[in-house]
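Biologist: I've got a fold on my screen and I'd like to learn how to read it. Can you walk me through it, one feature at a time?

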Amino acid sequence: MTIKAIQEDIVDEFSMFDDWMQRYEYIIELGKSLPLIDEQYKVDENIIKGCQSKVWVHGKEQDGKIVFTADSDAILTKGIIAILIRAFSNQSPKDILEANTDFIDEIGLKEHLSPTRANGLVSMIKQIKMYALAFQAKQ
C-alpha cells in the first residue's frame, strides 16, 4: 500500500468517532499494536528530542524499504508514534521524503494535543524523515 492510501485509511478510521474521547481511546489502542523496538535500540541516540515523554524510534533498511519500530513510556504518545509508523514503515526512503503529513491535520490530531505533545509529534515526523534521508544517501 502507498503512504497516501494508508493515510486515507487512517483518516477514514478517525472519522468513525463522534468525539475526541473516543479518538484518544482509539489512539491508545493503536499504541498496543505498535511494533516494539528491540531493547538494544532503547538508547539515547534513538530518543526523539523535543518530546515531553520518552519516545524511541529505530529504522532499519530491508529490501530497499525502511522498517520502523518504536516505543514510548506514555500510552498516548505510544499511540501517536504507532500511527506514524503505520503510515511510513515498509516504504522506500524516496516515498517517505516525498510524502506529506496533511492526514495529521485531517484527523485533527495536532489541535487536540498539548503544545508539548504537538511539538513532540513534529519531532517524531522529523526523525522519520531523517532516517529516510540517511538511508537514501546510502543507496
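**Reading the fold**

Modeller: Let's start with the strands: β1 (residues 55–62) and β2 (residues 65–72) run antiparallel and are joined by eight bridges. Two strands pair if DSSP finds at least two bridges between them. This is a predicted model, where local features need pLDDT of at least 70 and side-chain atom pairs pLDDT 80 or more, while totals for chains, interfaces and linings use all residues. Residues are numbered from 1 along each chain as its sequence is written, and side-chain values use heavy atoms, leaving out hydrogens and water.

Biologist: Which residue in β2 is the bridge partner of V55?

Modeller: That's S72. The two strands form a hairpin with two residues between them, and D63 in the turn has a positive phi of about 55 degrees. As a general idea, side chains in a regular strand alternate between the two faces of the sheet.

Biologist: What pattern does the protein follow along the sequence?

Modeller: Helices (H or I, at least four residues) and strands (E, at least two) are DSSP runs, numbered from the N terminus. Here you get α-α-β-β-α-α-α-α, with six helices and two strands.

Biologist: At what angle do α1 and α2 pack?

Modeller: Axes are lines fitted to C-alpha atoms, for helices over the stretch in contact, and angles run from 0 to 180 degrees between N-to-C directions. Helix α1 (residues 3–15) and helix α2 (residues 20–32) pack at about 135 degrees, their axes 10 Å apart. That makes α1 oblique to α2 (under 35 degrees is roughly parallel, over 145 roughly antiparallel, 65 to 115 roughly perpendicular, the rest oblique).

Biologist: Which residues of α1 and α2 meet?

Modeller: Contact means heavy atoms within 4.5 Å. By that rule E13, F14 and S15 in α1 meet R23, Y26, I27 and L30 in α2.

Biologist: Is K110 buried, partly exposed or exposed?

Modeller: Buried means under 20% relative accessible area, exposed over 50%, partly exposed in between (1.4 Å probe, protein chains only). K110 has 35%, so K110 is partly exposed. K110 is found in the loop between α5 (102–106) and α6 (115–138). Not counting residues up to four places away in sequence, K110 touches I104, D105, A118 and L121.

Biologist: And what is the radius of gyration of the protein?

Modeller: Taken over C-alpha atoms, the globule rule is 2.2 Å times the number of residues to the power 0.38. For 139 residues a compact globule would come out near 14 Å, and the protein has 14 Å, which agrees.
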